[in-house]
Amino acid sequence: MMLRQPLTVAAAAVLAAAGLATGTAQAAAPAAHQPVKSGALATSCSQAHLPLPDPSCTPGAYNPAVTQATIGQTICVSGWTATVRPPTSYTNALKAQQIAQYGYSDTSPADYEEDHFVPLELGGAPRDPRNLWPEPRYGNQPAQSKDSVETRLKNAVCGHKVTLDAARSAIASDWTTALSRLGL
């Protein structure tokens, strides 16, 4: 299930003031993460879901150019994610804003990866704030732990072992169990 959700005027103004462009993308609606209600953006986020993001702040969003029919021209092309990855000037500004929203006591940006909840490797929306969050680089499930899961899922999609929708759903529901959930 995919939904289009506009930002409120106030939320768009906050992002614009921070120098962050807004746009439309399709929001992911995985079983364990419900999309943000239309017109609503959370002003504070909970750390209670770690190592996952707060679903009210980061429900995920898809790049509409990536579908099962287009994987051969998008995610399965070596180097494709570099063509859609947003610049660090965008992600660093968003990271600073979201570190505050998550209420992290450690406010050093270097201690967080501005992570795509639905990864670019699976057609996650590159610039949609609903798909980006400051994932800690510390703890028992640090940010870098998710990278190998993302790669294995992309390889399974490109190898036609699982569908794009199944991989997206599995990683968005809980990336720590995504591989086992799909039998990989």
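Trainee: What handedness does the crossing of H4 and H5 have?
Mentor: In this predicted model, H4 passes H5 in a right-handed crossing.

Trainee: And why are H4 and H5 called roughly antiparallel?
Mentor: Look at the angle: their axes cross at roughly 165° and come within 9 Å. The label needs an angle over 145 degrees, so H4 and H5 count as roughly antiparallel.

Trainee: Which residues meet there, H4 against H5?
Mentor: From H4 you get Lys-146, Val-149, Glu-150, Leu-153 and Val-157, and they meet Leu-164, Ala-167 and Ile-171 in H5. By class, that's 6 nonpolar, no polar and 2 charged residues.

Trainee: What makes up the largest nonpolar core?
Mentor: It has 20 residues, and among those with the most contacts inside it are Val-149, Leu-153, Val-157 and Leu-164. Helices H2, H4, H5 and H6 each supply at least two residues of this core. There's also a second, separate core of 11 residues, including Phe-117 and Ala-172.

Trainee: Now the loop between strand E5 and H4, where Arg-137 lies. Why is Arg-137 called partly exposed?
Mentor: Buried is under 20% and exposed is over 50%. Arg-137 has 40% relative accessibility, so it counts as partly exposed.

Trainee: How far is Arg-137 from Ala-110?
Mentor: They're 27 residues apart in sequence, but 8.4 Å apart in space, C-alpha to C-alpha. Arg-137 also touches Ala-110, as well as others including Asp-111 and Tyr-112.

Key. Residues numbered from 1 in each chain as written. Predicted model: local features only at pLDDT ≥ 70, side-chain atom pairs only at ≥ 80, totals over all residues. Heavy atoms only, no water. Core = buried A, V, L, I, M, F, W, Y, C linked by side-chain atoms within 4.5 Å. Buried < 20%, exposed > 50% of the residue type's maximum accessible area, 1.4 Å probe, protein only. Helix = DSSP H or I, 4+ residues; strand = E, 2+ residues; numbered from the N terminus. Axes fitted to C-alpha atoms, helices over the stretch in contact; angles between N-to-C directions. Parallel < 35°, antiparallel > 145°, perpendicular 65-115°, else oblique. Left-handed = near helix turned anticlockwise from the far one by under 90°. Contact = heavy atoms within 4.5 Å. Nonpolar A, V, L, I, M, F, W, Y, C, P; charged D, E, K, R; others polar. Lists of a residue's contacts leave out its neighbours within four places in sequence.
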